[in-house]
Amino acid sequence: MTLNLQKAMRVAGVLLSFGLSACAGPSGSIAFTESASGPQPFPTNYRTDLLAFMRTYLNDPVGVRGAAVAEPVQRTVGGNMRYIACVRYSAKDFNNRYTPVQERGVAFVDGRLDRVVENSAEFCAGANYQPFPEMEKMTR
């Protein structure tokens, strides 16, 4: 990839993140669907959904280290019961350096990925993490 193309891709990523920040709620989360009420189904495809999302969420999805995921559990999010899966990883930043280990909570609505909760300490406290090798093998 040429240097100009790499720069263009980085600029596009930054602009996309600014656009997504307009969707961020007061809890530091990004929501993609309307809020649903009532009993929620278990997100049976949560690992596949997480991989698809993380491939676009991360600046560089290649070479993720220390990836782990916790099976979704029900938590109260914004006054509604949601399934939350927690994911932990270290990825490369814009300077191609690894970031410290990060933890994210991912909420599901109607069995589909809905929002990322960046300040997820409350939701992920006591999470039972298992290795997530599929995330470490991601490509662009």
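I take buried to mean under 20% relative accessible area, exposed over 50%, and partly exposed in between, with a 1.4 Å probe and protein chains only.

**Entry 1: ground rules.** I am looking at a predicted model, where local features need pLDDT of at least 70, side-chain atom pairs count only at pLDDT 80 or more, and totals for chains, interfaces and linings use all residues. Residues are numbered from 1 along each chain as its sequence is written, and side-chain values use heavy atoms, with hydrogens and water left out.

**Entry 2: confidence.** I checked pLDDT, the predictor's confidence in each residue from 0 to 100. The chain averages 81, and 74% of the residues score at least 70. Helix α1 (residues 3-21) has the lowest mean of the elements, 44, while strand β6 (residues 129-131) has the highest, 98. Residues 1-9 are below 50, and beyond near neighbours in sequence I find two contacts for this stretch in the model. Residues 11-34 are also below 50, with 27 contacts beyond near neighbours; contact here means heavy atoms within 4.5 Å. A reminder to myself: where pLDDT is low, the predicted coordinates should not be read in detail.

**Entry 3: layout.** I list four helices and six strands, in the order α-β-α-β-β-β-β-α-β-α from the N terminus. These are DSSP runs, numbered from the N terminus: helices are H or I with at least four residues, strands E with at least two. Of the 140 residues, 35% are buried. For contacts between residues at least 6 apart in sequence, 62% join residues at least 24 apart. The chain exposes about 8,200 Å², with carbon and sulfur atoms supplying 54% of it; the areas come from the Shrake-Rupley method with a 1.4 Å probe, and for residues only the protein chains shown count as cover.

**Entry 4: helix α2.** Helix α2 (residues 46-57) has 12 residues and reaches 16 Å from its first C-alpha to its last, close to the 16 Å expected at 1.5 Å a residue. That expected span is 1.5 Å times one less than the number of residues. Tyr46, Leu50, Leu51, Phe53 and Met54 are buried in α2. The buried residues of this helix pack against β2 (60-77), β3, β4, β5 and α4 (133-136).

**Entry 5: cores.** By nonpolar core I mean a set of buried Ala, Val, Leu, Ile, Met, Phe, Trp, Tyr and Cys residues joined through side-chain atoms within 4.5 Å. The largest has 21 residues, of which Leu50, Leu58, Val64, Tyr89, Phe132 and Met135 touch the most other members. At least two residues of this core come from each of α2, β2, β3, β4 and β5. A second, separate core of 10 residues includes Val77, Ile84, Phe123 and Tyr129. I also looked up Leu58: leaving aside neighbours within four places in sequence, Leu58 is in contact with Val64, Tyr89, Ala91, Met135 and Met138.

**Entry 6: loops.** Asn96 sits in the loop between β3 (80-92) and β4 (102-109). Its phi is positive, about 65 degrees, although Asn96 is not a glycine, and Asn96 is partly exposed at a relative accessible area of 47%. Thr99 lies in the loop between β3 and β4 as well. The side chain of Thr99 makes a polar contact (2.9 Å) with the side chain of Gln102. For a polar contact I need a pair of N or O atoms within 3.5 Å; within protein, one must be able to donate a hydrogen and the other to accept it, and residues adjacent in sequence count only if both atoms are side-chain atoms. Asp110, in the loop between β4 and β5 (112-117), has a positive phi near 50 degrees and is partly exposed, with a relative accessible area of 41%.
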